[in-house]
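Have the sequence and the 3D view ready.

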Amino acid sequence: MTTVLEREQRPLTSTKANRSRRLGELSFQGLLLGCTGVGLIVLGILLYTVFNKGGSRLSVDFLTSFPSRRPASAGVKAAIYGSVWLIGLTTLIAVPISVGAAIYLEEMAPRNRFTRLIEVNISNLAGVPSIIYGILALGVVARGLGLGFSLWTGSIALSLLAFPVIVIAARESIRAVPPSIRQGAYALGATRWQVTKRAVIPPARGGILTGCILALSRALGEAAPLLLLGALVFSASVPNDPSDRYTALPLQIFNWINRPQPGFQITAAAGIIVLLGVLFTINGVAIALRRRGPQTW
């Protein structure tokens, strides 16, 4: 039997434990807020520096002019065309294959050692440096398949880069759909493909598109694999065919930053602003598609 003193000490001990736990939670939240604040401050400083330096250089002529050896007349027309070609071909290659692989692995594939091996390898691919994909594309696509240093080669390399990110995000979104939705569809006599198409994919669409946004945004900002694949850092023409040579915004910015003239530093800052604008435009279109109702599928 417990004494009166023990019964009185228990609430005190419980109160102290709750206070200690609450203090730990507040400390951890404060640490997270501090880290977030530091990141936002650094980001704000970088954006202010870029816009302050390159904002005056932005103009219609800058967007419609080709690169030049003179900073005052250099533009990003060829780089914009090349980036649009790259991201368009990467989307056509990476998104259907990646989403299809995610649907198969999550809804269709049997649970055995082979599928588990595939899942582990896909997770490992998400952490591979981008230059490795460039080396792979150089050996297999550019030289092995004979596509050379064309838009096809660069797009395939960026598609390989985006593939694991889209697959992982799409699988997580599909897995988050409640099992009761599937069971209800099966109870109504739907086939496995009908359940997947009509009951699983529409609720998971937001997460799938989010993964596509992240993967394609990362691919658009990559320069290392494109440099390895022979992309041009100076181009006075725009690509008209996927087999043409090309340049891209990250490569053009990289070229300008390496120039010793101060004028090219300002031009590079303006190029960064253009690249940010392209990224925000792509993300905005994807977010608008994501917010459309499931009935449009």
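## The largest pocket

Ile-87, Thr-91, Val-95, Leu-209, Cys-212, Ile-213, Leu-216, Ile-282, Val-285, Ala-286 and Leu-289 line the largest pocket. The pocket holds about 290 Å³ of space. By class, its lining has 10 nonpolar residues, one polar and no charged ones.

This is a predicted model: local features need pLDDT of at least 70, side-chain atom pairs count only at pLDDT 80 or more, and totals for chains, interfaces and linings use all residues. Residues are numbered from 1 along each chain as its sequence is written, and side-chain values use heavy atoms, with hydrogens and water left out.

## Terms for spaces and classes

On a 1 Å grid over the protein atoms alone, a cavity is a set of points where a 1.4 Å probe fits but cannot get out; a pocket is an open set with protein on both sides within 12 Å along at least five of seven lines; lining residues have an atom within 4 Å of a point. Points join across faces, edges and corners, and a volume is the space filled by probe spheres set on them. Ala, Val, Leu, Ile, Met, Phe, Trp, Tyr, Cys and Pro count as nonpolar, Asp, Glu, Lys and Arg as charged, and the others, Gly among them, as polar.

## The cavity

The structure holds one cavity of 30 Å³ or more. The largest cavity has a volume of about 50 Å³. Among its lining residues are Ser-83, Leu-86, Ile-87, Glu-222 and Pro-250. H3 gives the most to this lining, with three residues. The lining divides into eight nonpolar residues, one polar and one charged.

## H3 against H10

The axes of H3 and helix H10 (residues 249–257) come within 8 Å and cross at roughly 145 degrees. Axes are lines fitted to C-alpha atoms, for helices over the stretch in contact, and angles run from 0 to 180 degrees between N-to-C directions. Ala-79, Ile-80 and Ser-83 of H3 meet Leu-249, Pro-250 and Gln-252 of H10 (contact means heavy atoms within 4.5 Å). Helices (H or I, at least four residues) are DSSP runs, numbered from the N terminus.

## Helix H4

The end C-alpha atoms of helix H4 (residues 113–125) are 18 Å apart, which agrees with the 18 Å that its 13 residues should span at 1.5 Å a residue. The expected span is 1.5 Å times one less than the number of residues.

Note on methods. Helices (H or I, at least four residues) and strands (E, at least two) are DSSP runs, numbered from the N terminus.
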